[in-house]
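Have a look at the sequence and the structure first, then read on.

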Amino acid sequence: MKTIRLITALTVLPIMLQACNLPATAPASVSEESVSVSSNTYTPRPPTTTRLPTSTPVPEVWFTDAQEGDTLTAEVHQASNLPMITTQVGFINDEESGRSSRYIVLDADGIQVARVRLIYLPGATETVFTWTAWHGNGWYHLDLYKINQKGTILGQQGINVNVADIPEELPTVPERFQAAYQQYFGLSLSSPAFAHFNQDNPEETKWNLWTSAVYLDDTLYKVYFYDESNITGTNAQSLSSGEYSVCQPRGNYKILLVIVDYGNTSITPDAATEKHIAAEQAANQRWVEYSSGLGLAEPILQTETTITYLAAPPVPGELVTAEQVRSLTGYDPSDFDILAEVDLDVAIRVPQKHGGGGVAFMGGCKPEGSQAVNMIVGISNRDDLTNMAAALYDHELIHLFGWVHSWPDGDGSGPAQLNEGHWFPFKLFGWTDTNDDGIIEILSDLPYGYQP
């Protein structure tokens with residue numbers, strides 16, 4: 001038996017992960033009835049600085065049917081009852097160059113409202129975006145970007161436009177979320193966190209949706225609704241108990257990581273250990289830097305991992321059990337918040353059995369400690385070692401916080417969605433201040449403008 005104690009240090013490590021699955025999540029309750037709200041009372045805050053049109057020196061992307069100061073007319077979508085704007089854009093299409101994928105992205109007042117990946121527009125140099133005027137009539141700053149998959153902005157144009165003709169009684173997106181939390185959960189929230197998710201393929205816009213998440217007391221609440229349908233979905237999960245419990249995205253978590261060697265990869269225990277140390281250090285460093293940028297003396301989130309090694313799987317093709325870990329390693333998973341498994345296996349048979357190369361399972365961070373494997377990645381060859389090690393902390397771990405693939409990343413803006421695979425939805429995790437009280441929501445006693 002070989003055990004290694006990790007004390008985290010700080011570096012940066014980019015990752016990408018192609019396969020991931022989150023099985024057995026709690027079923028969402030879905031209502032097709034419209035949410036009743038009062039008249040439109042949302043008033044956008046005036047900008048603290050004047051926002052002028054912006055552009056890149058050499059145009060890569062541009063508005064073709066709108067310019068600075070234009071008034072755009074909204075039309076109410078028949079099914080969703082959302083006010084929609086149609087905007088035509090042009091771009092340089094160099095997708096065939098063989099370089100990294102290109103995206104055209106539109107932000108409205110800092111929220112990504114439309115996106116397309118150029119691989120779905122072969123040969124085209126124009127496209128049309130239909131987007132939600134999310135805070136009703138009035139002025140919007142539109143940012144149009146051309147971005148590659150590494151998050152590098154290749155081109156940008158910004159203009160200010162005025163949106164008109166939205167019926168005054170039509171609820172805004174913030175009002176819809178406020179009403180939904182009240183109607184479905186009995187929660188009075190003035191400022192729930194929300195963002196917009198876009199499919200890359202313009203043929204799949206029916207899956208574009210507005211999504212919100214709120215961490216309050218012992219529960220993670222979720223609400224979402226689509227741009228092109230009348231479906232409103234809701235979900236609530238415990239933060240400390242139950243089969244579908246999730247971890248709160250704050251605090252210091254102890255992870256027990258069990259490396260299970262199937263003996264068919266030629267990857268040494270030391271190599272696997274080294275990569276996982278680096279992956280955790282990189283994740284911790286990003287959380288330190290983000291927290292420091294907010295002026296916080298302590299990071300919002302940190303992990304400390306203990307690694308232990310099994311020279312052979314106790315039962316080939318099956319997840320290790322808590323009892324097997326106790327008897328074979330001497331570590332008790334109940335002393336840890338999260339139990340992680342890493343399989344060195346050419347066939348990555350255990351993760352594949354559960355649906356992917358990496359898998360997260362609910363039920364971590366319970367008061368009684370971990371009782372079963374909460375996340376696993378499989379590593380089939382040395383070339384995948386770096387990516388899959390980082391995937392444990394950049395992807396599977398945040399699933400344990402309640403994240404799903406349709407949660408917009410970062411602060412919800414377009415550039416934040418494309419960041420070399422460092423998934424972390426700061427806004428939906430409550431790492432921003434949505435009610436302007438000077439405290440980020442995940443650290444607030446009364447988050448999201450909550451009125452008990």
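At what angle do the axes of helix α2 and helix α5 cross? They cross at roughly 40 degrees and come within 8 Å (axes are lines fitted to C-alpha atoms over the stretch in contact, with angles from 0 to 180 degrees between N-to-C directions). α2 and α5 are therefore oblique to each other (under 35 degrees is roughly parallel, over 145 roughly antiparallel, 65 to 115 roughly perpendicular, and the rest oblique).

Before going further: this is a predicted model, where local features need pLDDT of at least 70 and side-chain atom pairs count only at 80 or more, while totals for chains, interfaces and linings use all residues. Residues are numbered from 1 along each chain, and side-chain values use heavy atoms, leaving out hydrogens and water.

Here are the two helices (DSSP runs of H or I, at least four residues, numbered from the N terminus):

| α2 | 269–293 | Ala279, Glu280, Trp287 |
| α5 | 385–399 | Ala389, Tyr393, Leu397 |

Contact here means heavy atoms within 4.5 Å.

Just after α3, glycine 330 takes a positive phi of about 85 degrees.

Finally, glutamine 248 and leucine 301 sit 53 residues apart in sequence, but 9.5 Å apart in space, C-alpha to C-alpha.
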